[in-house]
Amino acid sequence: MTNHQDETRAAYDGVVELYASLFADRLETQPFARAMIGTFAELVRATGNLRAADVGCGPGHLTAMLHELGLNAFGFDLSSGMVDHAQRTHPALSFQEARMESLPIEDGVLGGVLAHYSMIHTPPEELPELLAEQVRVLAPGGLLLLSFFGTDEPEPVRFDHKVAPAYSWPADRLAELLADAGLVPFARLLHDPGSERGFLDAHLLARRS
């Protein structure tokens, strides 16, 4: 897993300021994603466990949104450049460099995990390991919101993302992987953003059993 992660980290380290500027609006132009994150935060609050990790947090814009929505949110990212930017921009919040398959968190302590397009660069054969790690850190009843590029194809599709190679997923296949990892998928949202790539924007909500 190390080689492609090192390449992805280097690629994001090289575009920190540009990437941060592109997402400075914190989903103001993406009502569907914003609604799913709002729903996720509401459901996490209802568990009574407000601790939530934003894995693959990038410049920290969604970590800050989760904080504003009432969660004790903190962020992890593979890119040290992204972590540094996030900490400078949101000094009241906590950010740390970490790999998604090895999170520096105890077992079963989180009320929620947000993975907003942060697993798209993971080769399909390695995704179960990442999902298992999210399950490990979630408390029973804790929630995972996984956002990704969706496809109508029967198998994951590799494509040239602007930063690093990525994969789109059929929602049913990804929901099966969540179930295999010990989660119960209970809500999904797919919509066509009209992008040139032709992918769907997809979101899956699942709860740890």
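This is a predicted model: local features need pLDDT of at least 70, side-chain atom pairs count only at pLDDT 80 or more; totals for chains, interfaces and linings use all residues.
**Stop one: helix H3.** Select residues 31-47, which form helix H3. At 1.5 Å a residue, its 17 residues should span 24 Å, and the end C-alpha atoms are 25 Å apart, which agrees. Now show the side chains of Ala-33, Met-36, Ile-37, Phe-40, Ala-41 and Val-44, the buried residues of H3. They cover an arc of only 135° around the axis, so they lie on the same side of H3. Which elements cover them? Among them are helix H4 (61-68), S4, S5, S8 and S9.

**Stop two: helix H6.** Next, select residues 127-137. In this helix you will find Leu-127, Leu-130, Leu-131, Glu-133, Gln-134, Val-135 and Val-137 buried. Their cover includes strand S1 (51-55), strand S4 (110-116), strand S5 (138-150) and helix H7 (171-180).

**Stop three: the cores.** Select Ile-105, Leu-110, Leu-146 and Phe-148 together: these have the most contacts inside the largest nonpolar core, which has 39 residues. Elements giving two or more residues to this core include H6, H7, strand S2 (72-77) and strand S7 (166-168).

Zoom in on Leu-146. What does Leu-146 touch, not counting residues up to four places away in sequence? Its partners include Leu-131, Leu-174, Leu-178 and His-203.

Finally, select Val-44, Ala-52, Leu-114 and Leu-145, which belong to a second, separate core of 18 residues. You have met Val-44 already, as one of the buried residues of H3.

Definitions and conventions: Residues are numbered from 1 along each chain as its sequence is written. Side-chain values use heavy atoms; hydrogens and water are left out. Buried means under 20% relative accessible area, exposed over 50%, partly exposed in between (1.4 Å probe, protein chains only). Helices (H or I, at least four residues) and strands (E, at least two) are DSSP runs, numbered from the N terminus. Contact means heavy atoms within 4.5 Å. A nonpolar core is a set of buried Ala, Val, Leu, Ile, Met, Phe, Trp, Tyr and Cys residues joined through side-chain atoms within 4.5 Å. The expected span of a helix is 1.5 Å times one less than its number of residues. The arc is that of the directions from the helix axis to the C-beta atoms.
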